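Hi,

Here is the structure I promised to pass on.

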Amino acid sequence: TQALDIVRNLGIQIKALAAYQNIECLEQQIREFRPEFAAIYDVALGKELKERVKDCPTRIGTGMEGLIEAATLPSAEMMFNSVVGMVGLCPTLEAIKTNKKIALANKETLVAGGALVMAEAKKHGVPVYPVDSEHSAIFQCLQGSPGKKALKKLILTASGGPFFGRTKEELRGVTVEQALNHPNWSMGAKITIDSASMMNKGLEIIEAHHLYGLPLERIGVLVHPQSLVHSLVEFEDGSLMAQAGTPDMRMP
């Protein structure tokens, strides 16, 4: 939905849309953007969606087949992947094979198959643009880098989540509701829980390793509760370059 805010502002044409189960939202998006194709991952909802939008020119697909068709549509130039979990891996690989530019907000694709994805992207000459806050920040900082030899370290920032600063004893009684109350970001439930446990940052380290080809010992994490500096790059001469901005996923 946030990506579509950008689309509205920039007048980008949408060729395909996909959702997991939210057919109410997907129906509204189909009516507004009139894509060629739309996929609903939950196969059981396919018939209902087709009925709802039968007055629209949009073809409807379901399941993994539908996701892959959306990702590889011949008329599209770029595939933006923001699905949840490693279900995003196959559509990304198939999109690369059809020479789509990849905009990636689905970190599990690289956590589960990073070596595979980056090798395939290299083989097909396809750019992979990170749309995660931290990795987009590193990508932006590296635009000013004099080259890989000058690069010493990547530093991902972390908000620390809702429980930052609490002792082990204070963490014993926390609830799911408290874990879902992230202080800075509005995200889906899985990533919010992963942020509360810091597991999300572990996944991002793996993602950075694949995106930028640096060994794990040269990727660090800095806890920064204000979430204004989204990540930093350290160079061999000791200087640092940081990307700062408001905590809003529309920026990346």
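Let me start with a loop: Arg34 sits between helix H2 (23–33) and strand S2 (37–40). Bear in mind that this is a predicted model. Arg34 is not a glycine, yet it has a positive phi of about 50°. Its relative accessible area is 43%, so Arg34 counts as partly exposed. Asn99, in the loop between H5 and S5, also has a positive phi, near 60°. For context, most residues other than glycine have a negative phi.

The largest nonpolar core holds 25 residues, and Ile102, Leu154 and Val233 have the most contacts inside it. Two or more residues each come from helix H5 (89–97), strand S5 (101–104), helix H6 (107–124), helix H7 (133–142), strand S7 (151–158), helix H11 (199–212) and strand S9 (229–235). H5 gives the most, with four residues. Beyond its neighbours within four places in sequence, Ile102 touches Met79, Thr92, Ala95, Ile96, Val126, Pro127, Val128 and Tyr129. There is also a second, separate core of 16 residues, with Val7, Ile14, Leu45 and Cys56 among them.

Last, the helix pair. The H5 and H6 axes come within 10 Å and cross at roughly 5°, so the two helices are roughly parallel to each other. On the H5 side the contact involves Leu89, Thr92, Leu93, Ile96 and Lys97, and these meet H6 residues including Ala112, Leu116, Val117 and Ala121. Sorted by class, the contact of H5 with H6 has seven nonpolar, four polar and two charged residues.

Cheers

Key. Residues numbered from 1 in each chain as written. Predicted model: local features only at pLDDT ≥ 70, side-chain atom pairs only at ≥ 80, totals over all residues. Heavy atoms only, no water. Core = buried A, V, L, I, M, F, W, Y, C linked by side-chain atoms within 4.5 Å. Buried < 20%, exposed > 50% of the residue type's maximum accessible area, 1.4 Å probe, protein only. Contact = heavy atoms within 4.5 Å. Axes fitted to C-alpha atoms, helices over the stretch in contact; angles between N-to-C directions. Parallel < 35°, antiparallel > 145°, perpendicular 65-115°, else oblique. Nonpolar A, V, L, I, M, F, W, Y, C, P; charged D, E, K, R; others polar.
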